Amino acid sequence: MRPSFNERDVICYHCGVPTPVAAAARTASCTHCYKGIVLDDLRVRDAGWNGRLSTCGKVTIDKRARAITRQVVAGQGVEVTGTLEANIESHGPVVVGETAHLKGDCRAPTLVVREGAVIESGYYCIGPAQADKNPS
Ligand SMILES: [Zn+2]
């Protein structure tokens, strides 16, 4: 396929392989594993989210939000200022704000925890290569 300026590469969060998507696309299918991928940033604004939080963009948990889900997968980072119970796998920086309440494992290249944040439990693996490791 001829590369064009209307395309960008994203890392598929299912298989970890870069896949070209249209610049304006909000969802796409991976050209490698053929699974659907979300490209939009996801933002949880209130309580009651229990669906999957997977995107090639960024995941934001707002101050009053409460998200309890199995896994958060973010291509460009996670920002939490509310309550999040999930295992985080981020390929971008994870920012835990001063009002955040976190429970679950976290794998990310960098982690910022602001004073006042609560991290209840979890296994943390932070470093440039951590996000690319496959759990086995
Ligand atoms: Zn894929």
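User: How many Å separate the centres of domain 1 and domain 2?
Analyst: The model is a predicted one. Its protein chain is divided into domain 1, residues 7–38, and domain 2, residues 42–122. Taken over C-alpha atoms, the distance between the centres of these two domains is 22 Å.

User: How many residues does each domain bring to the contact, and which strands supply at least two residues of the side of domain 1?
Analyst: Domain 1 gives five residues to the contact and domain 2 gives six residues. On the side of domain 1 that touches domain 2, at least two residues come from each of two strands, β1 (7–11) and β4.

User: Are the residues on the side of domain 1 that touches domain 2 nonpolar, polar or charged?
Analyst: No polar and no charged residues are counted on this side of domain 1. Its residues comprise five that are nonpolar.

User: Which secondary structure elements does the protein chain contain, and how many?
Analyst: Zero helices are assigned in the protein chain. The assigned elements are strands, and their number is 17.

User: Why does the radius of gyration of the protein chain agree with that of a compact globule?
Analyst: A compact globule of 136 residues would have a radius of gyration near 14 Å, and the protein chain agrees with this because its own value is 15 Å. Along the principal axes, the C-alpha trace spans about 50 × 30 × 25 Å. Of the 136 residues, the share that counts as buried is 32%.

User: Among contacts between residues at least 6 apart in sequence, what percentage joins residues at least 24 apart?
Analyst: The contacts considered in the protein chain are those between residues at least 6 apart in sequence. Within that set, the share joining residues at least 24 apart is 9%.

User: Which strands stand at the edges of the open sheet of five strands, and why?
Analyst: The strand order in this sheet is β5-β8-β10-β12-β15, with parallel pairing. The two edge strands have a single partner strand each, so one side of each is left without a neighbour in the sheet. Neighbouring strands are turned by 5 degrees against each other on average, direction ignored. The edge strands are β5 (42–44) and β15 (111–113).

User: Which residue of β10 stands opposite Thr60?
Analyst: Strand β8 (residues 58–61) and strand β10 (residues 77–80) run parallel and are joined by four bridges. Opposite Thr60, the residue in β10 is Glu79.

User: How many bridges join β9 to β6, to β7 and to β11?
Analyst: Strand β6 (residues 47–49) runs parallel to β9 and is joined to it by two bridges; here Trp49 has Ala67 as its bridge partner in β9. Strand β7 (residues 53–55) is likewise parallel to β9, with three bridges, and Thr55 has Ala74 as its partner there. Ala74 also stands opposite Ser90 in β11. The parallel pairing of β9 with strand β11 (residues 83–90) has a bridge count of seven, beside three for β7 and two for β6.

User: Why does Thr69 count as partly exposed, and which residues does it touch?
Analyst: Thr69 is placed in strand β9 (residues 66–74). Thr69 is partly exposed because 17 other C-beta atoms lie within 10 Å, whereas a buried residue needs 20 or more. Thr69 and Asn87 are 18 residues apart in sequence, and their C-alpha atoms are 8.1 Å apart in space. Leaving aside residues up to four places away in sequence, the residues touched by Thr69 are Trp49, Asn50, Gly51, Arg52, Leu53 and Ala86.

User: Which residues does Thr31 touch?
Analyst: Thr31 sits in the loop between β3 (27–29) and β4 (36–38). With 13 other C-beta atoms within 10 Å, Thr31 is partly exposed. Its C-alpha to C-alpha distance to Val17, 14 residues apart in sequence, is 8.9 Å. Residues up to four places away in sequence not being counted, Thr31 touches Thr19 and Pro20.

User: What is the phi of Tyr34, and is this residue buried or exposed?
Analyst: Tyr34 lies in the loop between β3 and β4. Most residues other than glycine have a negative phi. For Tyr34, phi is positive, near 65 degrees. Because Tyr34 has 11 C-beta neighbours inside 10 Å, this residue counts as exposed.

How values were computed:
Residues are numbered from 1 along each chain as its sequence is written. This is a predicted model: local features need pLDDT of at least 70, side-chain atom pairs count only at pLDDT 80 or more; totals for chains, interfaces and linings use all residues. The radius of gyration is taken over C-alpha atoms; the globule rule is 2.2 Å times the number of residues to the power 0.38. A residue is buried if 20 or more other C-beta atoms lie within 10 Å of its own, exposed if 12 or fewer, and partly exposed in between; C-beta atoms are placed from the backbone. Two residues are in contact if their C-beta atoms, placed from the backbone, lie within 7 Å. Domain bounds come from an automatic or database domain assignment. Ala, Val, Leu, Ile, Met, Phe, Trp, Tyr, Cys and Pro count as nonpolar, Asp, Glu, Lys and Arg as charged, and the others, Gly among them, as polar. Two strands pair if DSSP finds at least two bridges between them. Axes are lines fitted to C-alpha atoms, for helices over the stretch in contact, and angles run from 0 to 180 degrees between N-to-C directions.
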